[in-house]
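Good morning, colleagues. Please look at the sequence and the structure on the screen, and I shall then go through a few of its features.

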Amino acid sequence: MPGEPLVVLHVALTEDISDNIQSIVREFTTLQSTEDVNKINSAIFYSITSTQPGLQGVELGNYLIKRVVRELQSEFPQMAQFSSLSPIPGFCTWLQGLLGQYRKERCHPDLLSEQEWREVELATECLGSRPGMPATEALRKLIGTGEWMHSELLSRVLEPVLMRLCAWYLYGEKRRGSALNPVANFHLQNGATMWRINWLADTSPRGVANSCGIMVNYRYFLNDTSKNSALYLQNKVVTASEQVLGLVSQFQKNSKL
């Protein structure tokens, strides 16, 4: 219909780059009638939705983000930070498949260190899991049900494990040279930097089921986006922060993938 938007980009204007979706939703529900616009320093793109089914797969988000950045800079000259707060669809599915492969092949599960596997076994037994259940099976069950979210002990044990696995999924898993994760591929094509992976950033049932509650910021450094985009599109180089590269390095030390 004439006048209807083709794509809707949801943007939160904040003092700093948000690391969880709950803080954005909470700010909206408690929004005061007056705001100090001088404190607004960051624009967070947290949802891009196509309103027309026939346009699914057409990359209009790229154009829209660039246009929104220009308009925000005009309205808020002090604004210096532009970033997404993005979901990670497919991470849990990928991880479940990996753990299932280990179980099927009955090979040594080197995704975790021996100490980490022992901690998973002990923590799951404390929650009432069957004594002697293989750690790989216990971990698959925990991820599939989200039960670990209700245990402070398991959350502490799994945080370093899931963070480095997620970093590898985003940075290292590829399809025909491009990022396997479609959201990562979209932002990297646009020239964004894979900037920060955030623990327990979306604790909704959907967030836990899709990505164990983890979200990621893709940051747009405006002077570097053209260069980053060219590197990715031409040479499949992923521009990432020290935090992400550090997590990837930790993964590579523990895994033979």
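This is a predicted model: local features need pLDDT of at least 70, side-chain atom pairs count only at pLDDT 80 or more; totals for chains, interfaces and linings use all residues.

Helix α4 spans residues 114-126, and its 13 residues reach 19 Å from the first C-alpha to the last, close to the 18 Å expected at 1.5 Å a residue. Which residues of α4 are buried? They are Glu116, Trp117, Val120, Ala123 and Thr124. Seen down the axis of α4, these buried residues fall within an arc of 130°, so they line one face of the helix. Leu122 and Cys126, on the other side of α4, are exposed.

Leucine 162 has contacts beyond its neighbours within four places in sequence, among them Phe91, Trp148, Cys212 and Ile214.

Finally, the cysteines. How many disulfides does a search of the whole structure find? The search finds 0. For cysteine 166, the closest cysteine sulfur is that of cysteine 212, and at 8.1 Å it is too far for a bond. The sulfur of cysteine 212 has its closest cysteine sulfur in cysteine 92, at 3.4 Å, which is also too far for a bond, because a disulfide needs the two sulfur atoms within 2.5 Å. Cysteine 166 is buried, with a relative accessible area of 0%, and cysteine 212 is likewise buried, at 0%.

Key. Residues are numbered from 1 along each chain as its sequence is written. Side-chain values use heavy atoms; hydrogens and water are left out. Buried means under 20% relative accessible area, exposed over 50%, partly exposed in between (1.4 Å probe, protein chains only). Helices (H or I, at least four residues) and strands (E, at least two) are DSSP runs, numbered from the N terminus. The expected span of a helix is 1.5 Å times one less than its number of residues. The arc is that of the directions from the helix axis to the C-beta atoms. Contact means heavy atoms within 4.5 Å.
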